[in-house]
Amino acid sequence: MKDRGLRFRVMDGLLIAMMILPLVAGMVLQILTEPVSEGVSITGARIFLEVPMPVMDMPITEAQVNTWLVMIAITGVCLFLTHGIRENRGGFRQMAAEWIVEKLDGLVKGNMDPIFHSTYAPFVGAIMALSVFSSLMTLVGLFPPTSDLNIIGGWAILVFILITKNKLKAGLGYYLKGFVEPIPVMLPMNLISEIATPVSMTFRHFGNVLSGTVISALVAWALAGASNALLGWLPGFLGNIPFLQIGLPAVLSVYFDVFSGCIQAFIFAMLTMLYISGGYPADEIASRRQPKPAEAK
């Protein structure tokens with residue numbers, strides 16, 4: 001019994017390390033590779049290396065590396081919450097895991113067709129978790145992957161593929177017919193509307209997260225300059241302390257990094273559910289399954 005308890009605790013320690021070490025590795029990589037800059041610096045994801053490819057070189061960027069670190073940390077959280085879970089057995093971790101699953105199932109069940117409930121609940125949960133944890137990386141000084149247009153674009157393309165997959169469940173002919181309804185002249189507009197779905201999802205999420213990062217950086221820079229101008233006359237090292245930066249940047253970080261990041265993750269997940277469920281031709285499939293009335297003799 002003692003050996004089993006020891007193995008359990010050792011596994012818990014490894015899972016906790018799996019949650020923490022990716023963030024530590026990201027911070028170490030940030031310190032070792034970030035160039036020295038003076039004043040405010042607002043840049044995109046840095047390119048660490050480029051892998052030679054036949055058509056064009058494939059860049060390995062800071063956003064890609066941080067995304068993998070987030071995925072490893074999320075996997076550690078999931079394994080930690082479900083480690084040792086048993087039926088009819090309490091415990092904080094088990095209750096937390098059950099609460100997350102129940103809330104996620106309720107969210108998906110309330111916004112999608114019942115046939116998608118069990119299929120898409122894990123996907124929606126993964127999208128939300130990845131978006132939230134990616135946005136929160138700014139709290140530890142790391143570049144948030146949600147501030148990279150390519151990362152969000154990849155999520156939106158994946159959602160668009162799932163939307164198209166469900167639209168094709170009534171047949172290719174029915175799908176193509178939708179582009180010329182209500183009249184054939186609407187074909188260009190319907191094509192633009194189809195393409196606009198992933199584009200709008202990408203820019204909505206990316207724009208809101210990036211704007212918060214830019215505003216926070218500009219406010220912190222402005223407060224540092226104002227502090228130096230107003231309080232630089234203080235004697236000794238006191239004149240070099242940016243007193244005006246104390247407090248306000250932290251409040252802005254709570255809003256832009258925590259609140260806004262969580263809201264944008266929720267909105268992206270909601271749009272994912274609504275678009276996928278709305279693309280399913282339920283009426284057409286139901287009408288095809290209805291038995292045809294017997295022909296009059």
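This is a predicted model: local features need pLDDT of at least 70, side-chain atom pairs count only at pLDDT 80 or more; totals for chains, interfaces and linings use all residues.

Visitor: How many salt bridges does a search of the whole structure find?

Guide: Side chains of opposite charge can pair when their charged atoms come close. Here the search gives four salt bridges. One of them joins the side chains of Glu-62 and Arg-46, at 3.0 Å from N to O. Glu-62 belongs to helix H2, while Arg-46 sits in the loop between H1 and strand E1 (47–51), so this pair, 16 residues apart, links distant parts of the chain.

Visitor: Are Glu-62 and Arg-46 buried or exposed?

Guide: Both are buried. Not counting residues up to four places away in sequence, Thr-61 touches Ala-45, Arg-46, Ile-47, Phe-48 and Asp-148. Thr-61 counts as buried because its relative accessibility is 12%, and the cut-off for buried is under 20%.

Visitor: Which residue forms a salt bridge with Lys-167?

Guide: The partner is Glu-194, and the closest N and O atoms are 2.9 Å apart. This pair too links distant parts of the chain: Lys-167 is in helix H5 and Glu-194 in helix H7, 27 residues apart. Lys-167 has 21% relative accessibility and therefore counts as partly exposed. Glu-194, at 12%, counts as buried.

Visitor: Which residue pairs with Glu-181 in a salt bridge?

Guide: Lys-177 does, with 3.9 Å between the closest N and O atoms. Glu-181 is partly exposed, since its relative accessible area is 38%. Lys-177 is partly exposed as well, because its relative accessibility is 47%.

Visitor: What is Trp-155 in contact with?

Guide: With neighbours within four places in sequence left aside, Trp-155 contacts Ile-127, Leu-130, Ser-131, Thr-146, His-205 and Phe-268.

Visitor: Where does the largest share of the nonpolar patch come from?

Guide: Helix H1 (residues 2–33) supplies that share, with eight residues. The patch lies on the surface and has about 940 Å² of accessible area together; among its members are Ile-16, Ile-20, Leu-21, Leu-139 and Val-258. Take Ile-16, which is placed in helix H1. Ile-16 counts as partly exposed because its relative accessibility is 34%.

Visitor: Last, the cysteines. How many disulfides does the count come to?

Guide: A disulfide is a covalent bond between the sulfur atoms of two cysteines. The count here is zero. Cys-78 counts as partly exposed because its relative accessibility is 44%. Cys-262 also counts as partly exposed, since its value is 32%.

Technical notes
Residues are numbered from 1 along each chain as its sequence is written. Side-chain values use heavy atoms; hydrogens and water are left out. Patches are made of residues with over 30% relative accessible area and no salt bridge: like charges are joined within 9 Å, nonpolar side chains (Val, Leu, Ile, Met, Phe, Trp, Tyr) within 5 Å. Accessible areas come from the Shrake-Rupley method with a 1.4 Å probe; for residues, only the protein chains shown count as cover. Helices (H or I, at least four residues) and strands (E, at least two) are DSSP runs, numbered from the N terminus. Buried means under 20% relative accessible area, exposed over 50%, partly exposed in between (1.4 Å probe, protein chains only). Contact means heavy atoms within 4.5 Å. A disulfide is a pair of cysteine sulfur atoms within 2.5 Å.
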